[in-house]
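Please read it alongside the sequence and the structure.

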Amino acid sequence: MLSNYNRIKIVLVENNKSNKWLAEKLKMSETTVSNWCTNNRQPSLPTLFKIASALDINPKNLINA
C-alpha cells in the first residue's frame, strides 16, 4: 500500500484552504476529509474528481505517481 497515495492535504495548504472548507464544499464530514488528508482512507474516483473541481485543479495533481 502506498503511504502517500494522494496529495489532498498538500494542495489544501497550497491554496490556503482547510479540511473544514473542503468538507463543507463537498457536503461531507470533516472526519472523512481528515482521513483522506492523512491517507488513512482514500476518496472514491468520483469523489476525487469532485475534490479537484472544488480546488479548481486537474485531478492528476491530487495523485502521487
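This is a predicted model: local features need pLDDT of at least 70, side-chain atom pairs count only at pLDDT 80 or more; totals for chains, interfaces and linings use all residues.

## Helix packing

Buried positions in H4 are Thr47, Leu48, Ile51, Ala52, Ala54 and Leu55. Their arc around the axis spans only 160 degrees, so they sit on the same side of H4. An α-helix has 3.6 residues a turn, so residues three or four places apart point the same way. The other side of H4 carries exposed residues: Leu45, Pro46, Lys50 and Ser53. The buried residues of H4 pack against H1, H2 and H3.

H3 covers residues 30–37, and its buried residues are Val33, Trp36 and Cys37. These cover an arc of only 100 degrees around the axis, which places them on the same side of H3. Their cover includes helix H1 (8–14), helix H2 (19–26) and helix H4 (45–55).

| Helix | Residue just after | Phi |
|---|---|---|
| H3 | Asn39 | positive, about 60 degrees |
| H4 | Asp56 | positive, about 55 degrees |

The segment after H4 contains Asn61. Is Asn61 buried, exposed or partly exposed? Its relative accessibility is 39%, so Asn61 counts as partly exposed; the cut-offs are under 20% for buried and over 50% for exposed. Leaving aside residues up to four places away in sequence, Asn61 touches Arg7 and Val11.

Methods. Residues are numbered from 1 along each chain as its sequence is written. Side-chain values use heavy atoms; hydrogens and water are left out. Buried means under 20% relative accessible area, exposed over 50%, partly exposed in between (1.4 Å probe, protein chains only). Helices (H or I, at least four residues) and strands (E, at least two) are DSSP runs, numbered from the N terminus. The arc is that of the directions from the helix axis to the C-beta atoms. Contact means heavy atoms within 4.5 Å.
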